[in-house]
Amino acid sequence: MKTTATFCTIVPPHILDKLAQSEDPAVSEPARRTLERDALLRTQRRISAGRGEAAPAGTPSDRPQRTIYDAAQQDTLPGAKVHAESDRPAKDQAVNRAHAGLGATFDFYLKAYGRHSIDDCGLPLDATVHYGDNYGNVFWNGEQMVLGDGIGKVLLDFTESPEVIGHELTHGVTQSTANLEYFGQSGALNESVADVFGSLVKQYALGQTADQADWLIGAGLFGPAIRGVALRSLKAPGTAYDDPQLGKDPQPTTMDDYVRTSRDSGGVHINSGIPNHAFYLVASALGGHAWEQAGKIWYATLTGGELAADADFADFARLTAATARSLFGEGDEIQAVLKAWSMVGVPIA
């Protein structure tokens with residue numbers, strides 16, 4: 001299967017754009033460098049995918065094979081190898097947190113859905129920490145995940161947020177399954193799926209039910225002076241932050257407020273709020289552990305082979321309804337799915 005040349009980041013460009021306008025050079029300069037670096041990496045990813053890439057061979061196993069590298073504030077990947085699967089905990093807590101986050105994601109996909117690593121073929125999980133000079137983002141580049149150290153007192157250490165690692169590795173799951181194109185509604189679905197399973201990784205690790213979960217992506221990433229709780233909220237899109245330095249969370253909850261823009265690959269980090277909220281509504285209606293019913297529906301839709309790479313919200317909604325009926329029959333699950341998509345304004349024919 002030919003894969004889309006996708007370069008996926010956790011911090012959306014509208015936040016970095018706002019930070020780049022800060023009067024504080026300790027904030028504006030790293031934000032500008034991050035935007036420039038992201039643009040370069042996005043171009044490099046498109047070129048390398050165009051040449052074709054050989055996927056590393058893996059052997060399916062119930063144990064992860066994790067390797068952590070340290071870029072030492074440089075831009076060269078992967079950096080120096082600093083931690084292997086069998087090593088004792090490192091002195092650098094960012095290394096330990098990255099190792100744990102990779103493990104939590106591997107464990108979730110294996111135990112919840114029987115998936116062996118993100119490609120279901122035992123792909124080794126690599127991560128690089130301390131990437132770039134105050135690089136204010138995290139990304140999946142098609143082969144590994146990469147974590148910057150954040151921007152001063154505004155964006156903190158990304159390894160502190162387990163759902164961020166779950167989010168980025170889920171881009172790898174999507175890449176190896178539905179391969180959703182990273183533009184417009186299919187791109188917003190790509191981001192939404194990453195948010196959904198990133199949140200479920202954290203919920204699974206904490207043993208939380210749907211009503212106990214915070215449904216936040218990037219909780220704890222903002223410094224104490226920032227008026228906000230996270231980068232995004234599945235429970236209440238548009239409410240994650242409202243701060244002079246960051247601006248206001250622009251995510252819509254329903255199609256009535258769908259944002260049409262040429263920025264950010266057609267607003268993939270903004271309009272993802274709509275399918276995000278649909279999932280939250282299904283999970284909250286069904287209760288219990290969200291990965292057992294709502295998550296199973298979303299996972300089977302993503303991996304079932306019928307989701308087109310250019311699928312829009314309505315396509316995805318129809319398939320989740322069909323999947324819910326196939327998995328659970330004419331019960332609470334299908335009714336929750338139909339009601340959720342109706343509430344966010346996405347019709348199911």
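Colleague: In which helix is Thr323 found?

Modeller: Thr323 is found in helix α9, which covers residues 313-328; helices here are DSSP runs of H or I with at least four residues, strands are runs of E with at least two, and both are numbered from the N terminus. This is a predicted model, in which local features need pLDDT of at least 70 and side-chain atom pairs count only at pLDDT 80 or more, while totals for chains, interfaces and linings use all residues. Residues are numbered from 1 along each chain as its sequence is written, and side-chain values use heavy atoms, with hydrogens and water left out.

Colleague: Why does Thr323 count as buried?

Modeller: Buried means under 20% relative accessible area, exposed means over 50%, and partly exposed lies in between, with a 1.4 Å probe and protein chains only; Thr323 has 14% relative accessibility, so Thr323 counts as buried.

Colleague: What joins the side chains of Thr323 and Thr301?

Modeller: A polar contact of 3.1 Å joins these two side chains, where the term asks for a pair of N or O atoms within 3.5 Å, one able to donate a hydrogen and the other to accept it within protein, and residues adjacent in sequence count only if both atoms are side-chain atoms.

Colleague: Which residues does Thr323 touch, not counting those up to four places away in sequence?

Modeller: Thr323 touches Ile297, Ala300 and Thr301, contact being heavy atoms within 4.5 Å.

Colleague: How many helices and strands does the protein have, and what share of its residues count as buried?

Modeller: The protein has ten helices and ten strands, and 55% of its 349 residues count as buried.
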